[in-house]
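Start with the model itself.

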There are 2 protein chains.
Amino acid sequence: MKRAVCLLSGGLDSATALAFARRDGYACYALSFDYGQRHRIELEAAARVARSLGAVEHKTVVIDLRLFGGSALTADIAVPKDRLAAAMSQDIPITYVPARNTIFLSFALAWAEVLGCFDIFIGINAVDYSGYPDCRPAYIAAFERMANLATRAGVESGHELTIHTPLIALSKAEIIRAGLALGVDYSLTHSCYDPAADGRACGHCDSCLLRLAGFAAAGAADPAPYRQ
Amino acid sequence: MKRAVCLLSGGLDSATALAFARRDGYACYALSFDYGQRHRIELEAAARVARSLGAVEHKTVVIDLRLFGGSALTADIAVPKDRLAAAMSQDIPITYVPARNTIFLSFALAWAEVLGCFDIFIGINAVDYSGYPDCRPAYIAAFERMANLATRAGVESGHELTIHTPLIALSKAEIIRAGLALGVDYSLTHSCYDPAADGRACGHCDSCLLRLAGFAAAGAADPAPYRQ
């Protein structure tokens with residue numbers, strides 16, 4: 001059975017990307033990161049999602065991105081609230097974590113090389129997250145090219161490593177519709193940047209606003225728990 | 001003063017690359033990794049070297065590459081000894097750590113972005129380490145291109161991020177001669193894959209053999225402590 005490393009944050013997008021990998025017949029090795037997030041709720045969601053979608057294995061890499069600071073998600077900066085227009089804009093938001101996808105894909109590459117597999121899935125999309133430079137197709141193509149020069153597998157076997165981005169061209173509503181069709185249980189996922197201690201989402205941060213707008217546009221109810 | 005992030009392992013090559021960055025007038029931010037090496041002697045050497053070469057700051061990122069296994073440097077596989085010909089060959093050695101330079105450069109990129117700087121120094125060379133896919137000029141060029149698409153700095157400012165590889169075309173003897181001319185104190189550096197508990201080098205692993213051959217070819221004595 002062909003194998004793939006699947007980046008899994010515990011959020012809506014990466015859960016859907018994992019479901020695409022399963023649909024395409026891959027045995028999935030889910031990879032999460034404990035990178036000094038403000039809460040561990042996201043990691044618990046990742047474990048639930050990996051189990052529910054039948055991942056063969058789920059590993060969590062501990063790295064401390066707080067060492068460098070520079071983002072509301074890892075440093076002591078307030079998470080912006082109630083600004084859907086800004087969240088959907090082309091501006092790079094303060095919640096951007098420097099080089100995050102590059103670091104995550106690098107670890108995925110290391111695991112793929114050890115597993116001897118040539119496929120990596122990542123749930124980025126260029127529509128809702130156009131503000132993040134490392135969510136763009138040109139970036140992914142450049143990473144793929146670099147990865148094929150970086151590894152023993154690429155150099156020796158002539159196999160081409162592929163970074164799969166099944167959500168890249170989808171809107172949030174299209175992602176949700178696809179995920180529902182593939183059987184993703186979105187009640188297990190977590191998207192909020194600023195959840196309550198019991199894990200309920202705030203409903204006001206950029207991530208909650210995009211998620212709620214996506215469910216509304218998809219004509220579905222978000223089964224995740226919210227504060228109100 | 002212009003700033004640069006300098007990858008620093010504590011070995012001979014990265015110490016020399018740092019000396020090149022200082023010569024070129026950069027304020028240097030040295031970056032090391034605690035990645036489940038068999039010994040912490042290398043990290044102590046990195047701290048000594050950073051101090052002695054006047055780095056502004058020295059950070060160590062803790063990551064666990066043992067999570068994936070796959071190398072004699074991070075998994076429980078014996079370090080090969082007394083095989084200079086093999087060490088100098090084009091074969092990829094068992095001490096190769098999957099995607100290591102890609103992971104290291106990704107963290108350097110994150111720090112560079114937070115510092116707002118556009119220069120990264122790495123002490124790779126294509127001559128002695130031609131067996132490692134991620135020590136080749138084509139790989140570095142591909143990483144640089146990817147990095148310029150990955151970051152806010154590259155996308156917004158139009159500044160070009162540069163990966164400096166001052167040692168890329170040098171033999172080990174040439175690296176040592178250049179470092180001695182730049183005032184590197186090689187007694188502070190550590191290269192051995194299999195040192196004694198007190199830090200003395202084994203003199204027989206690939207890294208020791210290449211280092212000793214380099215000093216011999218440079219007509220200099222290696223000031224590092226060896227077991228015999």
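## Strand pairing

A:Ala4 stands opposite A:Cys28 in β2(A). Strand β1 (residues 3-7) of chain A pairs with strand β2 (residues 27-34) of chain A in the parallel sense, over 5 bridges. Strands pair if DSSP finds at least two bridges between them. Strands (E, at least two residues) and helices (H or I, at least four) are DSSP runs, numbered from the N terminus.

This is a predicted model: local features need pLDDT of at least 70, side-chain atom pairs count only at pLDDT 80 or more, and totals for chains, interfaces and linings use all residues. Residues are numbered from 1 along each chain as its sequence is written, while chains are lettered from A and ligands numbered from 1 in the order in which they are written.

## The sheet and its helices

In chain A, 5 strands form an open, parallel sheet in the order β3-β2-β1-β4-β5. β3 (57-62) and β5 (162-164) of chain A are the edges; each has a single partner strand, so one side of each lacks a neighbour in the sheet. The twist averages 25 degrees from one strand to the next.

Helix α2 (residues 41-52) of chain A packs on the sheet and touches β2 and β3 of chain A. Contact requires C-beta atoms, placed from the backbone, within 7 Å. The direction of α2 makes about 175 degrees with that of β2(A). Axes are lines fitted to C-alpha atoms, for helices over the stretch in contact, and angles run from 0 to 180 degrees between N-to-C directions.

## Two copies

Notes
Two residues are in contact if their C-beta atoms, placed from the backbone, lie within 7 Å.
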